[in-house]
Amino acid sequence: MAYRSDNVFAKILRGELPAHRVYEDEHTLAFMDIMPQVEGHTLVIPKYPAVDLLDLPTEDLSKTIQVTQRVARAVKHAFSADGIMLAQLSGAAAGQTVFHVHFHILPRADGIDLRLHARDPAEPEVLAEHARRIREALIGPNDPER
Ligand code: 5GP
């Protein structure tokens, strides 16, 4: 499948659609999933225009996974999570719905199940508050790269 620059994450990258951003650098962007499966559900994307994991150059993959680890630490801290689940869906058959490669960061806690994938939008004020908590954790003492 060819990359299409009208996908929603490409629009977020270009600033054409809003997003609750938590981290950005030259190569990557992290923001809140608009239909979170759990509180704190965050997405990390490379700026490189790849459809899925399989066509992402290894250098961009390397930068993206490093940022994913860093943001995941912040998410774990911000939501006092017991664990972190990463998800990466490549291809419609695997459940991918947005065709710009991304990693899902899902904070997990005992007894809290995941909601259905890409189903129920969260309130913007709630996402804004969650993004604020993660940004705060990213500059806090738990972030070794601060
Ligand atoms: P996929 O199914 O491709 O692995 O995941 C796409 C994710 O993007 C879903 O979890 C869905 O909730 C999220 N999503 C879809 N549209 C938007 C949007 O416009 N903004 C944000 N922030 N997330 C979106």
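Good morning. In what follows, a residue is called buried when its relative accessible area is under 20%, exposed when it is over 50%, and partly exposed in between, with a 1.4 Å probe and protein chains only. The model is a predicted one: local features need pLDDT of at least 70, side-chain atom pairs count only at pLDDT 80 or more, and totals for chains, interfaces and linings use all residues. Residues are numbered from 1 along each chain as its sequence is written, and side-chain values use heavy atoms, with hydrogens and water left out.

Let me begin with the overall architecture. The chain holds 3 helices and 5 strands, where helices (H or I, at least four residues) and strands (E, at least two) are DSSP runs numbered from the N terminus. Read from the N terminus, their order is α-β-β-β-α-β-β-α.

I turn to dimensions. The C-alpha atoms occupy a box of roughly 40 × 35 × 25 Å along the principal axes. Of the 146 residues, 40% count as buried. A contact means heavy atoms within 4.5 Å. Among contacts with a separation of 6 or more, 62% join residues 24 or more positions apart.

As for the surface, the chain exposes about 7900 Å², of which carbon and sulfur atoms supply 54%; the areas come from the Shrake-Rupley method with a 1.4 Å probe.

How many aromatic pairs does the chain contain? The count is 1 aromatic pair, under a rule by which rings of Phe, Tyr and Trp (its six-membered ring) pair if their centres lie within 6.5 Å, with planes under 30 degrees apart counted as stacked, over 60 as edge-to-face and the rest as tilted. The ring centres of F9 and F31 are 5.3 Å apart and their planes stand at 75°, so this pair is edge-to-face. F9 belongs to helix 1 (residues 8-13) and F31 to strand 2 (residues 28-32), so that the pair links parts of the chain 22 residues apart. F9 is buried at 7% relative accessible area, and F31 is buried at 2%.

Another buried residue is T64, in helix 2, with a relative accessible area of 0%. Beyond its neighbours within four places in sequence, T64 is in contact with T28, V44, I45, P46, L56 and F103.

I close with residues in loops. D113 lies between strand 5 (103-108) and helix 3 (124-138) and is exposed, with a relative accessible area of 64%. Leaving out residues up to four places away in sequence, D113 touches Q37 and R108. The C-alpha atoms of D113 and V38 are separated by 7.8 Å, although these residues are 75 apart along the chain.

Two further loop residues concern the backbone. Most residues other than glycine have a negative phi. S80, however, has a positive phi of about 45° and is not a glycine. S80 sits in the loop between helix 2 (58-78) and strand 4 (83-87), and is exposed at 61% relative accessibility. A118 is likewise not a glycine, and has a positive phi of about 50°. Its place is the loop between strand 5 and helix 3, and at 34% relative accessibility A118 is partly exposed. Thank you.
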